[in-house]
Amino acid sequence: MNIIGKKYWYFIISTIIIIPGLISLYFYGLNLSIEFRGGSRLTLSFEKTVTDKQIQGIHDIFNEKKIKVATIERSQQDVFIRTRPITQEEDQFLIEDLKIRVGNFKQSQYETVGPTIGGETLLNALKGLVIASVLIVLYITFSFRKVPKPASSFRFGIAAVVALVHDVLVLIGLFSILGHFFGVEIDSLFVTAVLTVIGFSVHDTIVVFDRIRENLKKIGGADFEQTVNDSILQTLDRSFNTSLTVILVLFALLLFGGETIRWFVVALLVGIISGTYSSIFNAAPILVVWQDLVNRRRKTS
Amino acid sequence: MRKNPRYLLWLIIGLSILAVFVNLPKIGNFNPNVVFEKLNIAKELTFRKGLDLEGGTSLVLQADMSNISKAQKPSALDSAKVVIEKRVNLFGVSEPIVQTSVVNSDYRIIVELPGLTDTEKVRSLIGTTAQLTFWEQEASASAKTASPSADQIGFKQTNLTGADIKQTSVSFDSNTGKPQVQLQFTSEGTKKFADVTKRNIGKPVAIVLDNQLIEQPTVQQAILTGDAVITGNFTVETANQLSTQLNAGALPVPLKILSSSVIAPTLGTASLEKSLFAGIIGFIIIVIFMCVLYRRLGVIASFALILYTLFNLAIFKLSSLTPYGITLTLSGIAGFILSIGMAVDANILIFERMKEELRAGKSTETAIELGFSRAWSSIRDSNISTLITSFVLYSFGTGIVRGFALVLAIGVLVSMFSAIVVTRTFLRLVYK
């Protein structure tokens with residue numbers, strides 16, 4: 001099988017997948033959840049200790065009215081509900097309906113609350129990711145320093161991070177589209193999913209690169225393209241089996257894990273598939289393209 | 001260089017028994033954790049869970065905005081929130097909720113802390129402003145200034161404040177053994193502090209916290225290094241608390257606690273059971289998949305994986321004894337799933353390699369050893385890069401990001417142990 005020979009096709013496929021997401025990101029942005037945007041917080045005070053059944057009833061009413069709820073908390077006689085911003089008027093109707101369903105209470109508080117995940121949290125996570133990417137490039141450059149000429153260990157590091165960025169763009173782009181057309185929200189779990197995918201992406205890429213490194217040491221870098229292609233084929237079984245294991249587990253979570261984690265699992269699935277694809281069809285071919293460029297420049301100069 | 005697998009086997013068995021003991025809940029009158037109680041660990045070992053699973057404490061703080069102009073109020077509230085968030089994080093509570101709230105013309109901050117019941121401690125930590133100031137003697141006693149406390153008539157405030165502090169830590173006086181708070185000023189603070197000490201050699205400088213005099217040492221000589229020590233009458237706890245507060249910065253507005261309530265878990269047990277059920281199904285799928293793909297090897301890998309899970313759970317539980325307690329929330333669980341994936345991957349890498357070596361005509365025993373040694377470089381590099389990511393995320397992240405990074409890092413370390421030591425020892429024993 002000649003994977004490297006069709007490398008430009010794989011780049012085109014990646015571009016076709018990423019571009020719609022980027023367009024959606026530019027025009028529609030991300031559909032952020034209450035955790036990022038803030039909303040309203042209602043406090044209901046009952047006369048007796050609140051039961052599970054009442055909590056369920058409150059939950060159902062918000063669901064029926066299609067009002068997004070972030071958290072429902074209870075403390076003995078009190079219930080605290082965090083929802084999307086609701087107006088005073090909406091609040092009145094809601095309270096009446098709630099009273100019919102879950103018994104009498106008095107609304108002791110109606111607050112407008114800020115985000116629970118502030119800009120600082122996101123900014124810090126982003127800073128962390130940039131620093132982590134730089135460190136990964138440095139580590140790979142160091143760890144692959146013995147690859148024989150003409151290959152260069154620095155290029156391995158950059159290619160791994162390019163594959164990582166590819167996976168993040170696929171995921172964020174897709175969720176921008178899902179957010180605009182299907183109301184899927186970006187919440188704290190999505191942030192975790194992105195982090196997970198980043199971890200997986202680099203991990204997967206390094207396994208493929210490790211094989212290239214080993215083969216280059218064994219047979220030298222004379223036919224770089226051929227070596228890279230062989231290495232991909234030799235690790236194909238492993239890449240496939242590992243990804244399939246993770247994907248099967250995620251399917252189990254998707255089917256049995258309940259609604260709270262549904263989109264989280266979808267995000268992980270997309271990211272893992274993209275991560276596997278990018279380490280085979282993007283990261284390794286990038287090395288070859290880069291090598292070609294260097295060779296050509298050397299010839300002309 | 002082959003180590004005797006028998007020692008390693010005993011090590012694995014010993015660790016597994018220990019892990020089982022830690023993980024077991026109380027059964028009737030028999031409490032497996034009794035061993036730990038004998039070791040003087042008074043705290044009962046439990047898994048720390050998030051707000052939705054375990055409940056916690058909720059505090060509502062009211063900001064005193066009387067000195068703030070109307071336009072500045074929202075930003076003052078935001079910066080107060082950031083300070084509270086930092087304090088709570090430094091306090092070691094993972095995944096807290098800190099959010100601003102506006103009711104009519106009241107400005108508030110809601111703080112929710114999972115699993116925490118010691119509300120008094122929390123109150124004294126987040127309720128105080130922590131405004132640190134330094135005062136020097138008035139040149140002419142006639143000038144009138146606001147005095148921080150009755151003792152200090154004739155003092156005036158210097159331009160040095162808690163905002164000039166870069167970092168603080170708790171240390172112990174080498175003579176008295178008493179706890180003290182060590183300050184390190186920023187470069188600008190160092191200059192200010194040098195000026196203050198230069199001006200006041202032989203004179204007292206008062207250190208004042210929230211309008212309370214802490215101490216009034218006499219300056220012996222000018223201090224140019226930017227290091228200072230506060231030796232108030234601290235206990236270890238109050239010293240830690242002050243250090244935490246100074247590190248997080250002073251509150252821009254005074255806050256008073258409006259109400260505090262204990263929050264019950266809301267994510268019903270049904271939801272928890274659902275996730276747990278899905279997790280078990282996922283685990284069974286991995287076992288079946290590995291056994292079908294790699295037959296006998298897969299059975300061995302499955303055993304290693306069970307031990308891997310046991311070890312991890314034991315570490316999660318034991319972590320509740322340390323300040324880096326792991327809170328089990330959905331983001332932590334995501335980190336755990338990823339680390340299981342990586343643990344399985346390590347096994348797959350080794351087995352695929354062994355298959356290759358067998359195909360090349362090597363003997364079983366050689367194939368096992370070659371499989372491990374050749375797969376090692378990829379396991380090492382991929383896991384180290386994951387560790388780098390998780391350490392960076394842990395040091396920069398807050399809340400969910402931190403919880404995720406911590407669980408991932410522990411999972412990766414245990415998975416390396418599991419793949420290299422556990423699987424290998426089992427293999428050597430089976431194929432001997």
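The exercises below, each with a worked solution, concern a predicted model.

**Exercise 1.** Determine which domains the assignment gives for chain A, and how many Å separate their centres.

*Solution.* Begin with the assignment, in which domain 1 of chain A is made of 4–32 + 118–300, while domain 2 covers 39–113. Then take the centres over C-alpha atoms, and the separation between domain 1 of chain A and domain 2 of chain A comes to 43 Å.

**Exercise 2.** Find the order of the eight strands in the open sheet, and explain why one side of each edge strand is left without a neighbour.

*Solution.* Reading across the open sheet, the order is S2(A)-S3(A)-S1(A)-S4(A)-S3(B)-S4(B)-S2(B)-S12(B), with antiparallel pairing. At the edges stand strand S2 (69–75) of chain A and strand S12 (255–263) of chain B, and each has a single partner strand, so one side of each lacks a neighbour in the sheet. On average, neighbouring strands of this sheet are turned by 25° against each other, direction ignored.

**Exercise 3.** Describe how S2(A) is joined to strand S3 of chain A, and which helix lies across S2 and S3 of chain A.

*Solution.* The strands S2(A) and S3 (residues 78–83) of chain A run antiparallel and are joined by six bridges; A:Ile72, for instance, has A:Ile81 in S3(A) as its bridge partner. Helix H3 (residues 52–64) of chain A lies across both strands, running at about 160° to S2(A).

**Exercise 4.** Decide whether A:Lys66 counts as buried or exposed.

*Solution.* First locate A:Lys66, which is found in the loop between H3 and S2 of chain A. Next count its C-beta neighbours inside 10 Å: there are 8, and because a residue with 12 or fewer is exposed, A:Lys66 counts as exposed.

Technical notes: Residues are numbered from 1 along each chain as its sequence is written. Chains are lettered from A and ligands numbered from 1 in the order in which they are written. This is a predicted model: local features need pLDDT of at least 70, side-chain atom pairs count only at pLDDT 80 or more; totals for chains, interfaces and linings use all residues. Domain bounds come from an automatic or database domain assignment. Two strands pair if DSSP finds at least two bridges between them. Helices (H or I, at least four residues) and strands (E, at least two) are DSSP runs, numbered from the N terminus. Axes are lines fitted to C-alpha atoms, for helices over the stretch in contact, and angles run from 0 to 180 degrees between N-to-C directions. Two residues are in contact if their C-beta atoms, placed from the backbone, lie within 7 Å. A residue is buried if 20 or more other C-beta atoms lie within 10 Å of its own, exposed if 12 or fewer, and partly exposed in between; C-beta atoms are placed from the backbone.
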